[in-house]
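Subject: Structure for your review

Dear colleague,

Please find below the structure that I am handing over to you. My notes on it follow, and I would be grateful if you read them beside the model.

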Amino acid sequence: MSTAVVTGLGVVAPNGVGAGDYWAATLRGRSAIGRIDLFDVEDYPSRLGGVVTGFDAENHLPSRLLPQTDRMTRFALAAADWAVADADIDRSALTATDLGVSTASASGGFAFGQKELEHLCADGPSHVSVYQSFAWFYAVNSGQISIRHDMRGPIGVLVADQAGGLDAIAHARRSVRKGAPLVLTGGMDSALSPYGLAALISSGMLSTADDPRHAYLPFDRKANGHVPGEGGAILTVEDGDWARERGAHVYGEIAGYAATFDPSPGSGRPGNLRRAVRAALADAGVGPDEVGVVFADAAGDADADRAEAEVIVDLFGPRGVPVTAPKTMTGRLYSGAGPLDVATALLALRDKVIPPTVNVVADYALDLVEAPRPLTASVALVLARGRQGFNSALVVRAP
Amino acid sequence: MSQSVRLSIPDLMTILATCAGAAEPVDAAAEDLGEVPLADLGYDSLALLEASSAVERRFGISLPEEEVAEVRTLNQLGDLVNDRLAQVR
Amino acid sequence: MNQRRVVITGIGVVAPGGLGAKAFWERIVAGTPMTRLITAFDSTDFRSRIAAECDFDPFQYGFSEHDIGRLDRAALFALTATREAMSDSGLVVDRDDAHRVGVSLGTAVGATLRLEERYRAVSHEGRDWLVDHRLAGPDLYDYFVPSSMAAEVAWAAGAEGPNAVVSAGCTSGIDAVGHAWDLIRDGSVDMMIAGATDAPIAPITVACFDAIKATSNTNDDPGTAARPFDRTRNGFVLGEGSAVLVLEELQSARRRDAHIYAEIRGYASRGNAFHMTGLRPDGQEMAAAIRAALDTARIPATAIDYVNAHGTATRQNDRHETQALKRSLGMHAYDLPISSIKPVIGHSLGAVGAIEVAASAMAIEFDVVPPTANLHHPDAELDLDYVPREARQRKLSTVLTVGSGFGGFQSAMVLAAPEAVAA
């Protein structure tokens, strides 16, 4: 079976716009969590967020795309451009029908949707924009990316709460295996708008702390929920043979993947994260001892943290593998989190350094990486979990 | 009786830019802009619908769908809108 | 490589005029349009005031007051269809096999009804941009992220394998079934609860289609509003509903002696990279999807006995789809029946693709081509056989169903009769 390799990274993250800036900030342990300043959050119980700064959509997108795009689509289009540029693709060697797109979104263009709901309710149906017919829906990023890059191959969109980003990368790998030489993939979300924040708060998952250093503390005894962030990553995934033939720079291989779902909450039965991790490692053909770092889901919720820590300890032994959660610097990015962690894992493998987790004093028997640490192994495991029981695990391997 | 409102080509360009973003630069003198196909300015059928809907709301007129669908240039859009504006005034 | 084969062993449908697969099938064969003036809300101020609605009483389907309170209509549809499909298939998921059963649920607009309803509450009918989160209620997050519906389906089915919502706009239904087919073929799972659901008949949805003039405004005669392939057609009519299928690896189905409706032989999706709402008139990407699906199926175009069309009743789609069929099937496109069931059940956005996969499987089961209702006036530019008004008895071994949607999504799926499976 052909391999699927990553050759280009496009990142929009709260602590860095562009893969280079993001990676430098992450290694420095620079957190972007702060009070949300996109609107007045005074009356909300959760006021902190990982807001993307330094992203000026006018500088990245043609003017005519602005009225028809939500913030998260602007992020996705810019990140797709950067991934394509990074991959240094020679389009003359490819036909449009070769090129696919698979993205994930958890909540679509939610701020755009709120604006049009306001037009509808306050002014009447004739005030609703023509662009409401697609700008808010979950499929919009795959559609807009495919149009912008003339990609007419296999196309897909997945939603699986905060695990969906990894599922989209797996979808891309499947398209590559079926014959597409190149697929743009990843996830992007931004719901830091008034109605979006209300929806996030209703989940009960958000921290209500006001001190950015004490708000999102996964695996910490003081864990009290998470901080929402915005952004994500778009990657170019290519057929390994094709990438080698064209002499592409390869960050690494999407070597293994698996997804499971937990039993219903009332069943009293254990979750299925362990099964997902085992199956992903088996899919990659690697044993636990070959894994050099785990990028944890790091929910910041005591029960979810304990469940994840138990799986890691069970499979790798007590303090048996370095574990990190750079998302402590960005907040949780929903569908963007998994792809950003995959990008981070690939950069870690490239530079042989594990990025840190900030602010956390680790409980459980985890070897949590609190300062950048050398990475000698060539395999990283990325975990992403969604509310209600979505579990995805993805294994990347250095070239 | 108020002077009837007439929308000029620059007026229409402003409305389109607000609704659908700035036009593509085209190689045409200002006085010829009205004859440049909207498609060459980068405006598709959705841009036209969004702009005509904005005009309808702003001036309280109704533009027949079938006629909007036939519009291909700024001059045609201007004629359609100004005809309606003249009728209501 | 010996590819694993995937069969349909259970069908559940919630559709306008057809609650339950059997009622649905009878309705589309009779070709009685279920389109009517919208009853879900006061549509006075809207351009298009028509929809195909389900007269669905969740209490009748055993949902508790609590569940009806917390679940969006689209989730209730999906759960109802899931129960029927599992019962039809005789499937009870054993705890030890739960990880070999996954869920793939399509939806285009998720919990739109509840998102709009809650928005009205938290914003005081659109007056406040800074909404009052205290009025949101505890379930808003579940409406905000539509994979909550796939979670509900998994819990109902006892499925603990891979689980996701597939949300590719109006091809979501085919794509969700196609995603499930992929996962069984590549060995990730042995069974999938696969289908799609949408309940989009809300003011915001109707208003956005009003804005782009995509929907029919034949408000004075709702029953004739959806007229695909008819030269008087003037847009689609919104619908709602769900179809869920039990998809199963062939050996698994045989081991438990399950009834096999059809085998899914091929599937493909393609982007048209053209326009978010527009279609290239030559239909080349839909044609590419069809050819790719046929290639995977290793079935020649000439073997197709019936095409279940997208047939939305927009001028653009009629032309696009006709060109795509000619481009992919060649002269055979002129020789086979093509029909759209949307005049009967409306266009339920992401759900309809799965409903049409169900219709295709049932067409194979009963050897009947459902008709295109409301087709009275042939269009000179459309010169294929669109099966006007009357169903046809015909031996159906291989059926193609296609879909097309905003974002440029084009999808195709090939189904074959179980006799061919046995061979």
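Helices here are DSSP runs of H or I with at least four residues, strands are runs of E with at least two, and both are numbered from the N terminus. Please note that this is a predicted model.

In those terms, A:F219 is found in the loop between α7 and β8 of chain A. A:F219 is not a glycine, yet has a positive phi of about 65 degrees. Most residues other than glycine have a negative phi. Is A:F219 buried or exposed? A residue is buried if 20 or more other C-beta atoms lie within 10 Å of its own; A:F219 has 26 such neighbours and therefore counts as buried.

A:R213 also lies in the loop between α7 (194-202) and β8 of chain A. With 12 other C-beta atoms within 10 Å, A:R213 is exposed. In sequence A:R213 and A:V358 are 145 residues apart, while their C-alpha atoms are 8.3 Å apart in space.

Domains of chain A

Chain A is divided into domain 1, residues 4-245, and domain 2, residues 255-397. Their C-alpha centres lie 21 Å apart. In the contact between them, 57 residues of domain 1 of chain A meet 52 residues of domain 2 of chain A. On the domain 1 side, at least two residues each are supplied by β1 (4-13), α1 (19-27), β4 (48-50), α6 (164-177), β7 (182-189) and β8 (231-239) of chain A. The largest share of that side comes from α6(A), with seven residues. By class, the domain 1 side has 28 nonpolar, 20 polar and nine charged residues.

A helix pair in chain A

Two packed helices are described by the angle between their axes and the distance between the axes. Helix α3 (residues 71-87) and helix α5 (residues 140-148) of chain A pack at an angle of about 40 degrees, and their axes are 10 Å apart. The two helices are therefore oblique to each other, and their crossing is right-handed. From α3(A), the contact is made by A:T73, A:A76, A:L77 and A:A80, and from α5(A) by A:V140, A:N141, A:Q144, A:I145 and A:R148. These residues divide into five nonpolar, three polar and one charged.

Chain C

Which residues of helix α1 (residues 21-30) of chain C are buried? They are C:A21, C:F24, C:W25, C:R27, C:I28 and C:V29. What covers them includes β1 (6-15), β2 (18-19), α3 (73-89), α12 (342-345), α13 (352-366) and β13 of chain C. Just after α1(C), C:G31 takes a positive phi of about 70 degrees.

C:R389 is found in the loop between β13 (368-369) and β14 (392-393) of chain C. Although C:R389 is not a glycine, its phi is positive, at about 65 degrees. C:R389 has 14 other C-beta atoms within 10 Å and is partly exposed.

Contact between chains B and C

Five residues of chain B are in contact with five residues of chain C. Helix α2 (residues 45-59) of chain B gives the most to the chain B side, with three residues. By class, that side has two nonpolar, one polar and two charged residues.

Yours sincerely

Definitions and conventions:
Residues numbered from 1 in each chain as written. Chains lettered and ligands numbered in written order. Predicted model: local features only at pLDDT ≥ 70, side-chain atom pairs only at ≥ 80, totals over all residues. Contact = placed C-beta atoms within 7 Å. Nonpolar A, V, L, I, M, F, W, Y, C, P; charged D, E, K, R; others polar. Axes fitted to C-alpha atoms, helices over the stretch in contact; angles between N-to-C directions. Parallel < 35°, antiparallel > 145°, perpendicular 65-115°, else oblique. Left-handed = near helix turned anticlockwise from the far one by under 90°. Domains from an automatic or database assignment.
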